[in-house]
Amino acid sequence: MRIQLTPVNGGRPIELERELTLVGRQDECDLKLEDKSVSKLHCVLFCDGRQVMVRDLGSTNGTRVNGQRIRRSNLTTDDQLSVAGCVFRVTLIDDPRPEKPRQPIPSGPLNQTVRIDPHVRGKPDLRPASTSDDDDSDSVEIQPHDQNKNPLPDIYPD
């Protein structure tokens, strides 16, 4: 799947074919927008072949989808994406080219969920947090208190 961004005030459409596209004013950005209202690192577009997401990177003037200021959002065809003062119409294009095969995930100790304590310095212990002789799976049970919910909503309240 490819993303096409068409400036609503006229201009040549921009095609994005990368899985991850960094948008901003900096030279290192994949999509560099020469507008003073755009932050140096403004937002990122992610396409996994099935869906397209946009995530604001804490920009000053915000990222909007269909007029609603967002922190993150899914994008669909005909959505209006505003990156500060730059407004685009989104078109998602199915790519007839075959997808590149993904590398298989290696089995063994690297294919396990590992708890990393942020207060302990040094290299993380890559051994599973708990093991059971009865269980052949590589996963480790996470206790409810280990899961952190994002306290920020995806959209800003009006």
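Trainee: Which residues does Leu-5 touch, not counting residues up to four places away in sequence?

Mentor: The model is a predicted one. In it, Leu-5 touches Pro-13, Ile-14, Leu-16, Leu-31, Leu-45, Leu-81, Phe-88, Arg-89 and Val-90. Each of these has heavy atoms within 4.5 Å of Leu-5, which is why the word contact applies.

Trainee: Why is Leu-5 called buried?

Mentor: The relative accessibility of Leu-5 is 1%. Buried means under 20%, so a value of 1% places Leu-5 in that class. Leu-5 lies in strand S1.

Trainee: How far apart are the C-alpha atoms of Leu-5 and Leu-81?

Mentor: They are separated by 8.4 Å, although the two residues are 76 residues apart along the chain.

Trainee: How do you know that S1 and S11 are paired strands?

Mentor: A pair requires at least two bridges, and 6 bridges join S1 (residues 2-7) to S11 (residues 86-93); therefore they count as paired. The two strands run antiparallel. As one example, Gln-4 has Thr-91 in S11 as its bridge partner.

Trainee: Which strand does S10 join, and what lies between the two?

Mentor: S10 (residues 80-83) is joined to S11 by 4 bridges, again antiparallel. Leu-81 has Phe-88 in S11 as its bridge partner. S10 and S11 form a hairpin with 2 residues between them, and Ala-84 in that turn has a positive phi of about 55 degrees.

Trainee: In what order do the strands of the open sheet stand?

Mentor: The 6 strands follow the order S2-S1-S11-S10-S7-S8, with antiparallel pairing.

Trainee: What makes S2 and S8 edge strands?

Mentor: S2 (14-16) and S8 (68-70) each have a single partner strand, so one side of each is left without a neighbour in the sheet. On average, neighbouring strands of this sheet are turned by 30 degrees against each other, direction ignored. For S8, the pairing is with S7 (residues 63-65) through 3 antiparallel bridges. Arg-64 has Arg-69 in S8 as its bridge partner.

Trainee: Which residues of the largest nonpolar core touch the most other members?

Mentor: The core holds 21 residues, and those in question are Leu-5, Leu-33, Leu-45, Val-54, Leu-75, Leu-81 and Val-83. At least two core residues come from each of S1, S5 (43-47), S6 (52-56), S10 and S11. Leaving aside neighbours within four places in sequence, Val-83 is in contact with Val-23, Leu-33, Val-38, His-42, Cys-43, Gly-62 and Phe-88.

Trainee: What makes the contact of Arg-18 and Asp-30 a salt bridge?

Mentor: Their side chains meet at 2.5 Å, N to O. The limit is 4 Å, so the pair qualifies. The search of the whole structure finds 6 salt bridges.

Trainee: Why is Asp-30 called partly exposed?

Mentor: Its relative accessibility is 37%. Buried means under 20% and exposed means over 50%, so 37% falls in between.

Trainee: How are Asp-48 and Arg-50 classified, buried or exposed?

Mentor: Arg-50, at 70% relative accessibility, counts as exposed, whereas Asp-48, at 15%, counts as buried. The closest N and O atoms of their salt bridge are 3.3 Å apart.

Definitions and conventions
Residues numbered from 1 in each chain as written. Predicted model: local features only at pLDDT ≥ 70, side-chain atom pairs only at ≥ 80, totals over all residues. Heavy atoms only, no water. Buried < 20%, exposed > 50% of the residue type's maximum accessible area, 1.4 Å probe, protein only. Axes fitted to C-alpha atoms, helices over the stretch in contact; angles between N-to-C directions. Core = buried A, V, L, I, M, F, W, Y, C linked by side-chain atoms within 4.5 Å.
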